[in-house]
Amino acid sequence: MNRPLVAILSGAGISTDSGIPDYRGPKGLWRRDPEAEKLVTYDYYMADPEIRRRSWLMRRDSELWDARPNAAHLAIAELERSGVAVRVLTQNVDGLHQLAGVSARKVLELHGTSREVECTRCHARTPTAQALERVAGGEDDPPCRACGGILKTATVMFGQRLDPVVIGEAMGIAKACTLFIAVGSSLQVQPAASLAGLAAEHGARLVIVNAEPTPYDALAAEVIREPIGSALPELLQGLGG
Ligand code: ZN
């Protein structure tokens with residue numbers, strides 16, 4: 001018998017208690033506002049300096065900078081500290097799992113991170129906070145300091161492919177885990193969502209914690225509709241060493 005491995009797939013619903021709305025989900029803010037969606041669509045972003053200028057203002061004004069991890073993020077960090085083998089697969093780009101204390105190497109960010117910017121030419125990475133300081137200093141579309149290329153947050157924009165290495169690793173975890181908890185995800189965005197099905201197929205116990213029904217509820221051993229901020233800590237306390 002292998003050592004138990006708990007995989008936690010988190011979506012936007014885990015961060016709403018931290019004040020971060022669902023932007024990119026199927027019913028997210030970006031999908032309902034075509035002008036806003038352009039700001040996070042790769043082809044528009046690369047082609048139009050005005051789109052980039054507005055994107056930098058959106059990043060500057062993001063809820064992210066004031067957001068703190070909530071009880072659900074903290075409960076996952078606590079589970080890791082208790083000695084249980086935990087891996088977090090997150091659809092979120094807010095970095096709140098790491099801020100809560102989960103080891104960075106245990107977190108796979110399926111859609112990248114807003115906390116770093118990446119050069120679209122040389123792929124150099126720097127903290128987003130630094131780029132925002134340049135924006136505050138009057139650069140409305142700060143270029144890469146290494147090569148002059150266009151900078152963007154290190155997130156997967158609409159029209160960009162997910163990192164195949166990250167997806168491969170996530171699939172490996174889904175296949176290997178003994179318990180797969182999907183929390184705050186509508187499980188409608190692929191390929192992240194199909195990880196739940198993959199885990200169940202390979203024998204993991206599937207638990208879904210989400211306010212709304214998901215396409216994977218029928219496969220789940222347990223579906224919890226209670227608020228995430230109380231339901232997840234309660235669920236994870238039962239697992240602790
Ligand atoms: Zn560069």
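The model is predicted, so local features need pLDDT of at least 70 and side-chain atom pairs count only at pLDDT 80 or more, while totals for chains, interfaces and linings use all residues. Residues are numbered from 1 along each chain as its sequence is written, and side-chain values use heavy atoms, with hydrogens and water left out.

Start with the overall division. The protein chain splits into domain 1 (1-20 + 69-111 + 161-241) and domain 2 (22-66 + 113-155). These bounds come from an automatic or database domain assignment. The C-alpha centres of domain 1 and domain 2 lie 27 Å apart. Their contact (heavy atoms within 4.5 Å) takes 13 residues from domain 1 and 10 residues from domain 2.

How much area do domain 1 and domain 2 bury between them? About 1000 Å², with 58% of it on carbon and sulfur atoms. Buried area here is the accessible area (1.4 Å probe) that two parts lose on being put together, summed over both. On the domain 1 side, I20, V93 and H111 lose the most area to domain 2. Together they account for 45% of what that side buries. A salt bridge is a side-chain nitrogen of Lys or Arg within 4 Å of a carboxyl oxygen of Asp or Glu.

Now the sheets. Strands (E, at least two residues) and helices (H or I, at least four) are DSSP runs, numbered from the N terminus. Two strands pair if DSSP finds at least two bridges between them. Six strands form an open sheet with parallel pairing, in the order β3-β2-β1-β7-β8-β9. β3 (107-109) and β9 stand at the edges with a single partner strand each, so one side of each is left without a neighbour in the sheet. Neighbouring strands of this sheet are turned by 15° against each other on average, direction ignored. Such angles run from 0 to 180 degrees between N-to-C directions; axes are lines fitted to C-alpha atoms, for helices over the stretch in contact.

Look inside this sheet at β1 and β2 (residues 85-90). They pair in the parallel sense over six bridges. V88 in β2 is the bridge partner of I8. Helix α5 lies across β1 and β2, running at about 150° to β2. Helix α9 (residues 194-201) also packs on the sheet, where it touches β1, β2, β7 and β8. The direction of α9 makes about 160° with that of β7.

Which residues of α10 are buried? They are I228, A231, L232, P233, L235 and L236. Buried means under 20% relative accessible area, exposed over 50%, and partly exposed in between (1.4 Å probe, protein chains only). The buried residues of α10 pack against β1 (5-10), α5 (71-81), β7 (179-183), β8 (205-209) and β9 (222-224).

The other sheet has three strands. It is open and antiparallel, in the order β5-β4-β6. The edge strands β5 (125-127) and β6 (151-155) each pair on one side only. Neighbouring strands are turned by 45° against each other on average, direction ignored. β4 (residues 112-119) and β6 pair over five bridges. T113 stands opposite A154 in β6. Helix α7 (residues 128-136) lies across β4, β5 and β6, running at about 70° to β5.

Finally, the charged pairs. A search of the whole structure finds 13 salt bridges. One of them joins R54 and E35, with the closest N and O atoms 3.8 Å apart. R54 lies in helix α4 (residues 49-60) and E35 in helix α2 (residues 34-39), so the pair ties together parts 19 residues apart in sequence. R54 is partly exposed at 28% relative accessible area, and E35 is partly exposed at 40%. E35, K38 and R54 are linked in a network of salt bridges.

E169 and R87 meet in a salt bridge at 3.3 Å, N to O. E169 lies in helix α8 (residues 164-176) and R87 in strand β2, so the pair ties together parts 82 residues apart in sequence. E169 is partly exposed at 38% relative accessibility, whereas R87 is buried at 18%.
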